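Please read it with the structure open.

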Amino acid sequence: MSWLQVRLALTPAQAETYEDLMLELGAVSVTFMDAEDQPIFEPDLGTTPLWSQTHLLALFEGDTDAAALEQRVQLLANGLVYEVERLEDQEWERSWMDNFQPMRFGQRLWIVPSWHEAPEPEAVNLLLDPGLAFGTGTHPTTSLCLQWLDGEPVQGLQVLDFGCGSGILAIAALLLGAEHAVGTDIDVQALEASRENANRNGIDPARFPLYLPADLPGEPADVVVANILAGPLVGLAEQITRLTRIGGRLALSGILAEQAEDVRAAYAGCFDLEPTATLDGWVRISGTRRR
């Protein structure tokens, strides 16, 4: 069986309207995808943000009249760029899975999709499948934080993952030897994803409690990682500093290179900061809380 797919380039403001229009035309599914590899971090609770450049993908059954469909899409598109193409039936799940391979971070740490064998069984292997949420190691900010954790002596320490998303950073720290990790996020779905990923990796829930920010205990941690956005990092500098013990270690990311100095300035008063690490236009800022 084949399918007809309509791809339409639009803005977030147009998304709902065109989703409804495609469904009215008979689409069996409508999805949205990032057109420019733009990450979205920490969406507000109850919201479903889209990318500034978004592609709508509408799937129609294969016996749909392609010429008639394209004619109607052309009228509805009103100048928007669109494409109608026929997709031959294939093993979609396998094609999707083949795009995700194990990834190494630093010397010891691997992120391994569940359907793959670990390339180095004796290494630290974190099982994590790609999904809608919140970080799988493929984005530079997550990669920078994972590399940093791999190089940190976290054995026996207390870790805080501030804006935990998928839980990838906290789980990595626990697998690398941390005694205990706390995760917090403004999104309930992120906390659910973190718990699911922790269970997949055999993490005792007692070692990885999860909280909404309002419920977060105030005990400072030995290691704090915050992979969110530059604006929140600056605005939350006082709280994040308070949650890092004296002599504790801090890593901040989700920061574009041009935002680095503003973030550094917000933390320089209380931390001895190290040189900024950069990857693909994104940065990580790390340091030690001053005694």
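1. Which residue's side chain meets that of Arg 7 in a salt bridge? The partner is Glu 83, at 4.0 Å from N to O. Please keep in mind that this is a predicted model. Neither end is buried: Arg 7 is partly exposed at 25% relative accessible area, and Glu 83 is partly exposed at 38%.

2. How many salt bridges does the structure hold? The count is 8. As background, side chains of opposite charge can pair when their charged atoms come close. The Arg 7 and Glu 83 pair is one example. Two others are taken up in the next points.

3. Glu 120 and Arg 104 form a salt bridge through their side chains, with 3.5 Å from N to O. Arg 104 sits in strand S5 (residues 103-105) and Glu 120 in the loop between strand S6 (109-112) and strand S7 (124-127), so this bridge ties together parts 16 residues apart in sequence. Glu 120 has a relative accessible area of 31%, which makes it partly exposed. Arg 104 is partly exposed as well, at 40%.

4. The side chains meet at 2.9 Å, N to O. Glu 274 joins Glu 152 and Arg 249 in one network, built from salt bridges that share partners.

5. Next, the sheet that contains S5. It is an open sheet of 3 strands, in the order S5-S6-S7, and its pairing is mixed. Why does one side of S5 and of S7 lack a neighbour in the sheet? S5 and S7 are the edge strands and have a single partner strand each, so one side of each stays without a neighbour. On average, neighbouring strands here are turned by 25 degrees against each other, direction ignored.

6. Phe 105 has Leu 109 in S6 as its bridge partner. H4 packs on this sheet and touches S5 and S6. The direction of H4 makes about 55 degrees with that of S5. In general, strands of a sheet pair through backbone hydrogen bonds, either parallel or antiparallel.

7. UniProt, in an unreviewed entry, places the feature "binding site" at Thr 142, Gly 163, Asp 185 and Asn 227. Gly 163 lies in the loop between S8 and helix H5 (168-175). Gly 163 is buried, with 12% relative accessible area. Asn 227 is in strand S11 (residues 221-227) and is buried at 9%. The side chain of Asn 227 also makes a polar contact with the side chain of Thr 141, at 3.3 Å.

8. How far apart in space are Ile 186 and Gly 163, C-alpha to C-alpha? The distance is 7.3 Å, although 23 residues separate Ile 186 from Gly 163 in sequence. Ile 186 lies in the loop between strand S9 (180-184) and helix H6 (188-200). Ile 186 is partly exposed, at 31% relative accessibility, whereas Gly 163 is buried.

9. Last, helix H5. How many of the 8 residues of H5 are buried? The answer is 7, and H5 is mostly covered. Among the buried residues are Ile 168, Leu 169, Ile 171 and Leu 174. Ala 170, Ala 172 and Ala 173 also belong to the buried set. Just after H5 comes Gly 177, which takes a positive phi of about 120 degrees.

Key
Residues numbered from 1 in each chain as written. Predicted model: local features only at pLDDT ≥ 70, side-chain atom pairs only at ≥ 80, totals over all residues. Heavy atoms only, no water. Buried < 20%, exposed > 50% of the residue type's maximum accessible area, 1.4 Å probe, protein only. Helix = DSSP H or I, 4+ residues; strand = E, 2+ residues; numbered from the N terminus. UniProt positions renumbered as here; feature names shortened; annotations may be inferred. Polar contact = N/O pair within 3.5 Å; in protein donor to acceptor, adjacent residues only side chain to side chain. Pairing = 2+ DSSP bridges. Axes fitted to C-alpha atoms, helices over the stretch in contact; angles between N-to-C directions. Contact = heavy atoms within 4.5 Å.
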